[in-house]
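Hello,

Here is the structure for you to look over. My notes follow below it.

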Amino acid sequence: MFLNLKHFKRDFNKWTLLIVAISLFLAIPVFSILISLFRGSGEMWEHITSYFLFDYIKNSTVLIIGTGLLTFIIGTSAAWIVSRYSFRFRKIIEWLLFMPLAIPSYIVAYSYVGLFGNGGTFINIFSNLGITIDRIEMMNIYGLIWVLSFSLYPYVYAGTRTIFQSFPSQLKHTAYLLGVSKRKYFFSIALPLASPAIIGGLFLVFMEVLNDYGAAKYYGISTFTTGIFRTWTALEDLQSSIYLSAILVILVFLLVLIVKWLKGRRSYSLKKTNTNQKNKNYRSELKGLKKITYLSIVFVPIIFGFILPLIQLLIWGIQTFDSMFNSDLISLAYQSLMLGLSTAMIVVFLALLLIYLSKWNYFKPLNVFSKVATLGYVIPGAIIGVGIIRTSKSLTDLFSFHYDIEIGHLIYNSLLVLIYAYVFRFIAVAFNSIEGNTLKLNENLSESSYLLGYGKIKTFFKIDFPLLKNALLSSFILVLIDVMKELPLTLILKPYDISTLAVRAYEYAEDERVGEAALPALFLIFLIGSMISILNYRLRVNKD
Amino acid sequence: MKILEIENLSKSFDSKFEVVSGCTFNIESGNICAIVGESGSGKTTLFRLIAGLERPDRGTIKINGTLMSSDKFIKDVKDRNVGLVFQDFSLFPHLTVKENIEFGLKKNKNEKVEKLLETIKMENFPNRYPHELSGGQQQRVSLARSLALDPELLLLDEPFSSLDTQLKSKIRQEIRDIIKKIGISSVFITHDILDALEIADEIIFMDNGKIIRQCLIEDVFKEIKDEKIQNNMVELKRNAELILNALKNK
């Protein structure tokens, strides 16, 4: 039975009610899309299915497969090398490998055109050296795969590196004593053991690919997300864009099922060895040709994902500095930061609330609602935006028709709606990270506090909160970074008088003024890079 | 006077088999009672039900004559006035010894903490953090923390399982002395019958979630009918000297 009603009166408490209420409130955009499906297709639906849908499906699938394959190769090989080998400046390289996360993929896409396009920096350098080379055509699906892969591989690299670094040296020694070659050790033991992290990272990559709007739009590739925008804005058919969103949601849930199936029932956890034994991961020294090869492998993603785009942006930034560096830019940076900070605060608070409400609620099956509230991360921003517009339209119609009150101006131009959308989109980032850390806390600690006469809330502030401080800070920074980089959702829902660095960079690039997009982009990269450095520092301090 | 009255208590998880099944027993006030059973016999769940950390499917629990839980009513953990010493001691890692002990106290903190530190012979370590203490010291701090609120009933979860053999015998006696000095009714669970023989006044044997026998310590070896207890006896006879010493000390 779903709920044990026998003890309803005894076990029902305010936490049960709160968890359901908060979760349902957060998941309104998803329900809105699902309900809208029953209203029938829009006027342009037939046109879309005849001319565009195949392209959306084909391009999105090719992008997912291509980017997945390339990020897997780049992410796992870089993670393996920095985890298993010792070389000079390793710690700096480990940090640099994360840095592509600081540059939103659509900005990397613009910079590549500046590097390799007609009259691009790269072409000019060769031309000055007396070598004539043709421009490298980047604005196609292969170029987009390249850009997205070098921009998104850190999602695979991060988790995989952690797993590789946790391997005890006994694992390698046991394998070698059994006559296993180094190659076989990597493919038959290391990779399968790291597979949950690799699959988890790849899933995030897929979500980012499906969420991408700026890069695909700039390169002229029709994907589901660009299609949803086009249907809603150019074709002015909200209902058909909801139909497209629903197909994408189905595609995403198929991906979720595939990921679950791939993870299977096997156990991948390494049992902790005797505490007296040193469970240390010894690194081998790199020498000779092997050193050159392996260092090249780790430098390629840093160069293509971070250094080259950054150089191009710096060149543009210097060229346009006088005209672009003004109070407007500072104001944009301030608005981006404020939006990010306020959203991150709300997200961390709500994620904590959902996690602890689930703990305190005695009707455990109802905890499934907290999972519904965290669906936002697997739903592309454009869909959430469309879902909110749909809900807003229903609400304004309702008030207008039944009460003759116009509330449209409150919803369509409200910062609160944008923050609400961000909260739903990114709450999973904080939820998963904080939940993982609460699970590591010994449950007996809070139970001891209850037995000593403290209630649940006081126990949280006196025991759990001090022990979770670092996890909360990490989650806060992760959400802040995501909000500052976010583009499609912001484009759909931002009030007219508010903008962000991400939106401004996109608007200039869309206007064929890609050089002028550089300074907002550089400001954004500087802010995100600082956050990543703080995060990296906190993680290292915690580890020590 | 009975400190603990349990009637027809049952608990299952995920509606599968009952981990605690129809348990009924009483414990006299002022006694130390040991609940003995193998791993998976349901003794930890029974303990958590008494403390209020789990919700029973059916049955009633009364502490000192006051109803703690029934099918329709459940008293919150924080209002039960029960002390529990966890198997892993569960000291708050970010608080010192003194802060751990005074955690639940609202008034007379210093006076009470000093007295308890003296009782557990830890007067010299009030400012140490848990990770700076030995296993035995951590256990005594955990005991003092539970005793600080003057609970009506003290529960100890496998109190000696994480101690090595040499330390075990010493700690057993220390714990018994502290409990008897304070005069608090106590229940502890253990899988080791020697723990029970050395410090308990009465024993409850548990198997497959059911109470199979309850008796005073001096009656343990009389009229043994249960096969499981008889099997334990064979094991026990190999340690005859220890048992004799344990019985002599009673």
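This is a predicted model.

Chain A is built from 26 helices and 2 strands. The C-alpha trace of chain A spans about 75 × 65 × 45 Å along its principal axes. Of its 544 residues, 42% count as buried. Now take the contacts in chain A with a separation of 6 or more: 83% of them join residues 24 or more positions apart.

Next, the interface. How many residues of chain B are in contact with chain A? There are 19, and they meet 18 residues of chain A. On the chain B side, strand β6 (residues 82-85) of chain B gives the most, with 3 residues. The side of chain B that touches chain A divides into 11 nonpolar, 4 polar and 4 charged residues.

Last, confidence. The predictor gives the complex an ipTM of 0.79 and a pTM of 0.78. Chain B has a mean pLDDT of 84, and 88% of its residues reach 70 or more. Where in chain B is confidence lowest, and where is it highest? The lowest is in helix α8 (residues 240-248) of chain B, at a mean of 50. The highest is in strand β4 (residues 58-63) of chain B, at 94. Where pLDDT is low, predicted coordinates should not be read in detail.

Best wishes

Terms used:
Residues numbered from 1 in each chain as written. Chains lettered and ligands numbered in written order. Predicted model: local features only at pLDDT ≥ 70, side-chain atom pairs only at ≥ 80, totals over all residues. Contact = placed C-beta atoms within 7 Å. Helix = DSSP H or I, 4+ residues; strand = E, 2+ residues; numbered from the N terminus. Nonpolar A, V, L, I, M, F, W, Y, C, P; charged D, E, K, R; others polar. Buried ≥ 20, exposed ≤ 12 C-beta atoms within 10 Å, placed from the backbone. pLDDT = per-residue confidence, 0-100.
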